[in-house]
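Look at the fold below.

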Amino acid sequence: MTDTASKVPAVVRAFAILDALAGSPRALGIADLSRLLDLPKSTTHGLIHTLVAEGAIRPDNGGYRLDSRVLPWATGFSQQNERVGRFLQLVESEAALEGETAMLSVVDGVDVLYVATRPGSKPLSVNFKPGVRIALQCTASGKAMLALLDEADCAARVAALRYEALTPHSLSGPDDVARELDRVRAQGYATDDEETAQGLLCLGAAVRDARGQPVAGVAVSVVKSTVDAARRRALQDGIVNLARRLSLG
């Protein structure tokens, strides 16, 4: 674990700005970033000036967005991460998932962090972008990974979860999560049934290491109204099989 006292504050703040811009659908101004990150405007202004000069962000309509400097980071991560490469290869050979949006994720604190996606090719597809974070208990892959953590780790993460409802179907507290994780363990896969977004159905499973511990999660995302019971079973089998094949790698 990194010693917090050894961190350089300016670097930590610069990364916080990059994270905030990466997670925002719109350009953010200095006032927005200062408020979101609880930083003085003078500090935010200085960091923004440096990030612009280095090509990491660019001005846009009164605010700032990520710029081309960050693209090689994402490309380099994908090339250096063997699991990402295997996911992108194996998902193409999983017939049950053909044409559907598929995602590879990892646990990052109390969030799921999407590290790779295979965009869907169907007219009604919902696509996720690498780098997006969503609360663990709201996502299929997050539940699948939580369910396989050792008891102490699972309990600590469940206690730390942020119970901010994304939809009326989102799990609302630790008791709901505990019951859901029991169901995931019993059936061998997890479901996000309109918990992340209305009308969206996701099915997920955990990728395990040699000790059986979760090291990643995979999920398939579809518009709920486009799948019947038979198609849903096929997607369940497909995502579980994809997780199994990645676990063997």
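In helix α9, Leu235, Gln236, Gly238, Ile239, Leu242, Ala243 and Leu246 are buried (under 20% relative accessible area with a 1.4 Å probe, protein chains only; exposed is over 50%, partly exposed lies in between). Seen down the axis of α9, these buried residues fall within an arc of 165 degrees, so they line one face of the helix. The arc is taken from the directions from the helix axis to the C-beta atoms. On the other side of α9, Asp237 and Leu248 are exposed. The buried residues of α9 pack against α5, β3, β7 and β8, where contact means heavy atoms within 4.5 Å.

This is a predicted model: local features need pLDDT of at least 70, side-chain atom pairs count only at pLDDT 80 or more, and totals for chains, interfaces and linings use all residues. Residues are numbered from 1 along each chain as its sequence is written, and side-chain values use heavy atoms, leaving out hydrogens and water.

Now the sheet. Six strands form an open sheet, ordered β5-β4-β3-β8-β7-β6, with antiparallel pairing. Strands pair if DSSP finds at least two bridges between them. Helices (H or I, at least four residues) and strands (E, at least two) are DSSP runs, numbered from the N terminus. β5 and β6 stand at the edges with a single partner strand each, so one side of each has no neighbour in the sheet.

| Helix | Strands touched | Angle |
|---|---|---|
| α6 (residues 140-148) | β3, β4, β6, β7, β8 | about 35 degrees with β7 |

Angles run from 0 to 180 degrees between N-to-C directions, with axes fitted to C-alpha atoms, for helices over the stretch in contact.
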